[in-house]
Amino acid sequence: MKLVSLKELKAELAQLGRLLKPIAMEAYAFGSVLTGAVPQESDLDVLIIPKGMLSYASAYEKAEPVFVDILRKGLVLHLIIASGRHGSAFLRQAKSYRIL
C-alpha cells in the first residue's frame, strides 16, 4: 500500500496558494494527511476564505491543475468555501496547514 505525506504534497500546496491568491484571502489544508503518512484514498480538505462571493465552479476552475495532481496521488479531495462557522478556533482544532 502506497503512503502519501505532507512532505510529498508541499509543492502542490505551494502551487495551489499561487493559483488561489486572486480569489482567496486565506486558504488552508487539513485532514489526516497532515498528521503523517497515510494510505492513498485518505482525504485532503482544502478550505478557502474568499475575498468576495465565490462559487465552487470558480474555485475549481482556478485550482484545477493542482487538484488533478493531488487526485493522481490517490487522495480524495474536498473543497470547502468558508462560511461563518470556519473561524480560527475551527482551523486550530483541525490542525490546519496554511496554504495562503
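Colleague: Which residue forms a salt bridge with Asp-69?

Modeller: Arg-72 does, with the closest N and O atoms 3.7 Å apart. Keep in mind that this is a predicted model.

Colleague: How are Asp-69 and Arg-72 placed in helix 2?

Modeller: They are three residues apart in helix 2, so about one helical turn separates them.

Colleague: Is Arg-72 buried or exposed?

Modeller: Arg-72 counts as exposed, because its relative accessibility is 67% and the cut-off for exposed is over 50%. Asp-69 is at 34% relative accessibility and counts as partly exposed.

Colleague: How many salt bridges are there by this rule?

Modeller: The count comes to three. Another one joins Lys-73 to Glu-12, where the closest N and O atoms are 3.5 Å apart. That pair links distant parts of the chain, 61 residues apart: Glu-12 is in helix 1, and Lys-73 is in the loop between helix 2 (56-72) and strand 5 (76-81).

Colleague: And Glu-12, buried or exposed?

Modeller: Glu-12 is buried, because its relative accessible area of 13% falls under the 20% limit. Lys-73, at 24% relative accessibility, counts as partly exposed.

Colleague: What is Glu-12 in contact with, leaving aside its neighbours within four places in sequence?

Modeller: Val-66, Asp-69, Ile-70 and Lys-73. Asp-69 is the residue that also forms the salt bridge with Arg-72. Glu-12 itself lies in helix 1, which covers residues 6-20.

Colleague: What about Arg-98, which residue does it form a salt bridge with?

Modeller: With Glu-26; the closest N and O atoms are 4.0 Å apart. Arg-98 lies in strand 6 (residues 97-98) and Glu-26 in strand 2 (residues 24-30), so the pair ties together parts that are 72 residues apart in sequence. Arg-98 is partly exposed, with a relative accessible area of 48%. Glu-26 also counts as partly exposed, at 24% relative accessibility.

Colleague: Changing topic. How many residues does the largest nonpolar core have?

Modeller: It has 33 residues. Those with the most contacts inside it are Leu-9, Leu-13, Leu-16, Leu-20, Leu-44 and Ile-48.

Colleague: Which element supplies the largest share of this core?

Modeller: Helix 1, with six residues. At least two residues each come from helix 1, strand 2, strand 4 (43-50), helix 2 and strand 5.

Colleague: Take Leu-44. What is it in contact with, leaving aside its neighbours within four places in sequence?

Modeller: The list includes Leu-9 and Leu-13, then Ala-29, Phe-30 and Val-33. Ile-70, Leu-75, Val-76, Leu-77 and His-78 are on it as well.

Colleague: Now the whole chain. How many helices and strands does it have?

Modeller: Three helices and six strands. Read from the N terminus, the elements run β-α-β-β-β-α-β-α-β.

Colleague: And what share of the residues count as buried?

Modeller: Of the 100 residues in the protein chain, 44% do. The accessible surface comes to about 5,700 Å², and carbon and sulfur atoms account for 55% of that.

Colleague: Last one. Of the contacts between residues at least 6 apart in sequence, what share join residues at least 24 apart?

Modeller: In this chain, 78%.

Definitions and conventions. Residues are numbered from 1 along each chain as its sequence is written. This is a predicted model: local features need pLDDT of at least 70, side-chain atom pairs count only at pLDDT 80 or more; totals for chains, interfaces and linings use all residues. Side-chain values use heavy atoms; hydrogens and water are left out. Helices (H or I, at least four residues) and strands (E, at least two) are DSSP runs, numbered from the N terminus. Buried means under 20% relative accessible area, exposed over 50%, partly exposed in between (1.4 Å probe, protein chains only). Contact means heavy atoms within 4.5 Å. A salt bridge is a side-chain nitrogen of Lys or Arg within 4 Å of a carboxyl oxygen of Asp or Glu. A nonpolar core is a set of buried Ala, Val, Leu, Ile, Met, Phe, Trp, Tyr and Cys residues joined through side-chain atoms within 4.5 Å. Accessible areas come from the Shrake-Rupley method with a 1.4 Å probe; for residues, only the protein chains shown count as cover.
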